[in-house]
Amino acid sequence: MPLQTLKRETADELVLEWVILIKNYRLILDKKRCVGCQICSLVCPKEAITTARQPVPQGEKALKPRVDIDVSKCNFCGACDILCPYGAINVTVDGKHLLPAVEKGSFPQIVRDIKIDSKKFPLIQIKNEDACPLGLISLHLSSPPEQSADNLEVLKEPEKSEASITVEVDSQHCPCCGYCEEKFPAGTINMGRLFEGKIAINGEKCPEGCTICMDVCPITEVLNLQNEDKKVYVNDKFCVYCGACKIACPVDEALLLKRTRVNHTVVRSGAWNKALERLTSATDMAKELKAKGSTRTRESVKKRIGLKEEKNV
Amino acid sequence: MSKGTARKRSALRKERTTSTKKALIQKEEPRVGVFICQCGSKISSVVDVAALTDYAKNLPGVAYVESMDYPCSRQGQDGIADAIKKKKLERIVVAGCSPRLYEPTFQSCLSKTELNPWLFEMANIREFASYCHQNAPEEATEKAKDLVKMAVAKAKLLEPLKPLHLPMTKKVMVIGGGIAGINAALDLADMGFKVYLVEKSETIGGYMALLDKTFPTLDCSICIEGPKMVDVGRHPNIEIISYADVMKVDGHVGSFRVKIRKNPRYVIAANCTGCGECRDACPIEYPNYADMYLGVRKAISIPFGQAVPLTHTINRDYCIECYKCVDACGAREAIDFDQKPEEIDVTVGAIVVTVGYGMYNPTDLQWTGYGKFSNVFTALEFERLILAAGPTGGKVIRASDGQKPHSVAFIQCVGSRDINKFEYCSSFCCMYTLKHAVMLKEKYREAIEVYVFYNDMRSNFKGYEEFFNRAQKSGVKFLRVKLENRRILENPKTKNLTVFGENEDGEQVTAETEMVVLANAAVPSESASELAKILNIPLGKDGFFVECQSKIRPTDTEVPGIFLAGACQGLKDIPYSVAQGSAAAAQAASVLSKNSWVVEPIIAKVDEDLCSGCKICESACGYQAISVVKTGEKSTARVDEGLCRGCGICSSACPMDAITMPNYSDIQIVAQIQAVAKRKLKKQ
């Protein structure tokens with residue numbers, strides 16, 4: 001039984017596997033959930049993942065950037081799994097989603113701070129797609145039981161006044177865009193962002209009538225085409241700062257995107273520092289380190305990035 | 001080069017030729033003694049020795065001729081020495097067998113007299129006359145006459161020479177830390193020589209360290225080898241240079257200059273205590289070669305528990321640089337991510353090559369199903385399965401379902417004894433298969449069926465045939481099949497395997513089993529071909545190093561001071577490798593114990609005035625013995641006396657006639673040719 005490093009790809013998924021007699025390492029990329037945002041490529045310590053812009057098919061919506069993983073470089077550390085904002089990558093060891101890189105503190109966990117107050121939920125009729133651009137929210141009528149929340153109009157009094165709703169968010173795959181916060185009454189759903197950052201479009205460079213960035217952005221209402229000048233304008237309220245638009249944008253510097261902070265659990269790890277540097281910038285990474293007060297690590301970073309850090313901080 | 005210099009050089013050339021001629025052709029012809037050997041009857045039964053003796057007597061310059069039964073015998077040598085004294089002989093010709101065999105004998109005979117040992121010439125009238133012209137005695141005699149005439153013509157022009165002495169470095173390098181290298185290193189170190197043991201991988205031990213048991217005694221392999229490995233690690237005379245490659249070897253016996261590259265482990269060996277705390281902190285695992293990739297190891301780890309040196313290594317191909325190991329190591333500060341490859345130069349007097357072997361990956365032998373059917377294993381994989389410290393904790397399990405198999409088939413000669421793959425027999429597979437079969441059968445008894453599909457069972461050393469009998473008695477089923485038309489098929493549902501073979505009568509032999517183990521061929525070590533180039537020692541057609549003489553010099557190479565031991569010379573089992581390791585150590589010690597290495601003075605001589613520095617000799621030399629170096633204003637060829645083997649190719653290649661071979665100069669060779677060709681021309 002020789003060592004087998006397998007890679008197979010279907011329309012829906014990309015699967016990498018190490019078949020070792022006593023252990024099985026597997027990475028599954030869910031192509032439906034993947035938006036091609038490059039976060040995985042940035043955090044991969046082995047630089048095994050590439051995200052590439054795809055040619056725009058004639059007369060159709062632009063395709064999201066394509067993610068490919070080099071099976072000869074991947075070591076199944078799970079960094080991509082941990083940091084994918086859309087939960088599109090799943091790394092398992094012997095079928096279990098237990099990642100040693102998190103357990104040993106080599107990588108932090110991304111914090112999905114989602115608070116739902118079901119008590120405050122009014123009895124409103126809302127479609128899953130309308131509440132969440134990714135369709136991750138499901139509403140259940142908790143009482144009366146065995147009734148669907150799809151059609152509340154059929155409810156009659158007195159059930160109607162006593163009826164209550166349970167809201168569930170598929171948090172594993174949620175990029176925390178905050179769209180739902182707006183769609184539901186204030187205070188019912190609260191969420192912290194995964195990334196903080198800046199996004200802007202340089203109107204001078206943005207080509208007229210081009211909607212590629214809009215095509216690839218998975219979140220509604222972030223990028224919008226203005227009728228007057230046929231250019232794209234940004235509403236960064238719901239922006240995840242995932243960067244799919246930036247990868248897809250065909251013009252250099254037309255779309256500017258920068259992440260400044262990642263919401264994550266605390267770790268002390270060189271691999272994470274490097275990933276953070278690539279996700280944000282050397283300056284932002286150094287800021288975080290400073291905040292942590294971890295002098296030793298900061299010194300090692302200083303050594304690595306040299307004078308650049310001195311200048312920026 | 002300007003025309004003027006060319007002209008000057010050409011004039012110089014003429015002058016040199018005449019002056020050498022003058023020096024060699026003395027006014028008074030030297031007195032030549034010819035001794036004709038009858039070699040029992042091996043010469044005299046074909047060549048008319050009496051006629052040859054008469055003929056020799058009449059040759060110009062010959063002062064004395066004697067026909068002897070065996071000049072090489074003690075009486076013969078005494079006779080020659082006596083004649084030299086009594087007949088005042090100044091040159092000696094022995095007409096007998098090959099100088100390759102007996103020239104040293106006669107030279108040592110001459111050295112006991114007043115004559116210089118190089119005033120000696122041999123005419124090979126045995127191989128060149130009596131042996132090859134057995135059915136034409138008259139012609140054989142004529143040829144023998146010519147050969148003697150030529151030898152006499154040359155003998156008259158011979159010069160006295162002095163042997164060269166090369167300095168001896170009392171250190172030795174052993175390349176390869178398998179069981180053969182370990183034994184060679186320990187023996188040499190115990191004899192008091194400083195030993196550098198260079199090992200390519202992280203630990204010494206070689207394949208033996210990966211085995212469970214050894215045949216035919218079923219001793220635990222690492223329990224025997226482990227203490228020896230520790231002894232090597234602790235020996236004050238041994239320096240292990242592990243995780244290192246030999247990059248370049250210059251020089252010659254007595255002073256080989258070796259350049260070694262130590263690959264970075266990213267762990268400072270001196271600070272690493274081998275505690276393994278870094279290993280526990282490391283989050284990353286990768287397939288372990290020492291487990292034949294059936295198990296995993298951490299990105300910072302040792303390949304197996306008994307590793308020597310017990311220094312951890314970071315595999316940067318897998319490491320994610322989280323520096324958890326740095327934290328775990330703490331104050332010991334053994335981890336250094338900035339480590340660079342390090343080059344070291346050492347000078348040694350002798351080298352023992354023990355680089356072992358590799359294993360053939362039978363994926364391309366489609367009939368085996370290896371790589372396609374999950375329950376087909378190679379023998380070394382099975383070894384790791386059955387080993388208690390192995391990845392499964394000693395449980396023999398199927399890859400398809402993790403269950404213990406109820407039947408196992410062993411297939412012999414996979415790749416070996418196959419004209420299209422490896423023609424040779426891999427020598428130890430029969431015995432390790434018997435070992436595996438006996439271990440399975442004696443452990444599980446009736447709960448397991450064991451089949452061995454073999455063609456010939458080779459159990460030809462001490463205790464091996466008895467072990468074969470033990471296997472047969474234990475209930476192992478031996479099925480003799482031809483090597484052609486073997487097949488393995490898998491049942492896609494049960495993942496069981498059916499083995500098909502054909503017996504001598506062409507009848508089908510078959511067995512359905514739950515696991516198949518292939519005795520895949522052993523092949524030359526991956527580093528052998530590169531090392532052959534570096535050391536300038538030949539590789540055989542099969543890819544293994546070639547010994548100098550297979551019967552009587554099995555551990556010598558053609559390069560003085562370089563010795564072979566273990567499977568790199570030809571596949572062999574542990575006891576034989578151990579014995580050969582010690583043999584090579586003894587050979588190396590016999591070189592190292594000398595105060596200087598004596599070289600025969602038949603070595604190219606460069607006339608620096610004639611040499612134009614064209615480098616033609618440099619490319620012609622097969623031993624890298626001659627190179628053009630800058631000496632003052634001009635560049636001239638320089639000969640490394642230790643490397644030059646006196647083949648003369650540089651001399652014939654030199655367009656300036658600037659290189660001469662002592663006693664093989666143009667004048668001496670032309671004299672030989674003239675001696676025989678003049679007569680032939682006259683006849684025509």
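User: How many residues of strand β1 of chain B are buried?

Analyst: This is a predicted model, and in it strand β1 of chain B spans residues 32–37. A residue counts as buried if 20 or more other C-beta atoms lie within 10 Å of its own. The strand is mostly covered, and the number of its six residues that are buried is six.

User: Which residues of β1(B) point the other way from Val32(B), Val34(B) and Ile36(B)?

Analyst: In a regular strand the side chains alternate between the two faces of the sheet. Val32(B), Val34(B) and Ile36(B) point one way from β1(B), and these residues are buried. Those that point the other way, also buried, are Gly33(B), Phe35(B) and Cys37(B).

User: Which residue is the bridge partner of Gly33(B) in β2(B)?

Analyst: β1(B) has parallel pairing with strand β3 of chain B, residues 91–96, through five bridges, and there Gly33(B) stands opposite Ile92(B). β1(B) also pairs in the parallel sense with strand β2 of chain B, residues 62–68, over six bridges. In β2(B), the bridge partner of Gly33(B) is Tyr64(B).

User: Which helix makes a β-α-β unit with β1(B) and β2(B)?

Analyst: The two strands, β1(B) and β2(B), pair in the parallel sense. With a helix of residues 49–57 they make a β-α-β unit, which is right-handed. That helix of chain B is α2.

User: Which strands are at the edges of the open four-stranded sheet of chain A?

Analyst: The order in this sheet is β1-β2-β3-β6, with antiparallel pairing. The twist averages 10° from one strand to the next. An edge strand here pairs on one side only, and in chain A the edge strands are β1 (4–9) and β6 (89–93).

User: What is the bridge partner of Glu9(A) in β2(A)?

Analyst: β1(A) pairs with strand β2 of chain A, residues 13–20, in the antiparallel sense, and six bridges are involved. Within β2(A), the partner of Glu9(A) is Leu14(A).

User: How many residues on the side of chain B that touches chain A are nonpolar?

Analyst: The contact takes 22 residues from chain A and 26 residues from chain B. On the chain B side, β13 (285–287) and β20 (376–378) each supply at least two residues. Six residues of that side are polar and three are charged, while the nonpolar ones number 17.

User: What distance separates the centres of domain 1 and domain 2 of chain A?

Analyst: The domain assignment of chain A places domain 1 at 4–103 and domain 2 at 114–191. Taken over C-alpha atoms, their centres are separated by 32 Å.

Definitions and conventions:
Residues numbered from 1 in each chain as written. Chains lettered and ligands numbered in written order. Predicted model: local features only at pLDDT ≥ 70, side-chain atom pairs only at ≥ 80, totals over all residues. Pairing = 2+ DSSP bridges. Axes fitted to C-alpha atoms, helices over the stretch in contact; angles between N-to-C directions. Contact = placed C-beta atoms within 7 Å. Nonpolar A, V, L, I, M, F, W, Y, C, P; charged D, E, K, R; others polar. Buried ≥ 20, exposed ≤ 12 C-beta atoms within 10 Å, placed from the backbone. Right-handed = clockwise from strand over helix to strand, strands pointing away. Domains from an automatic or database assignment.
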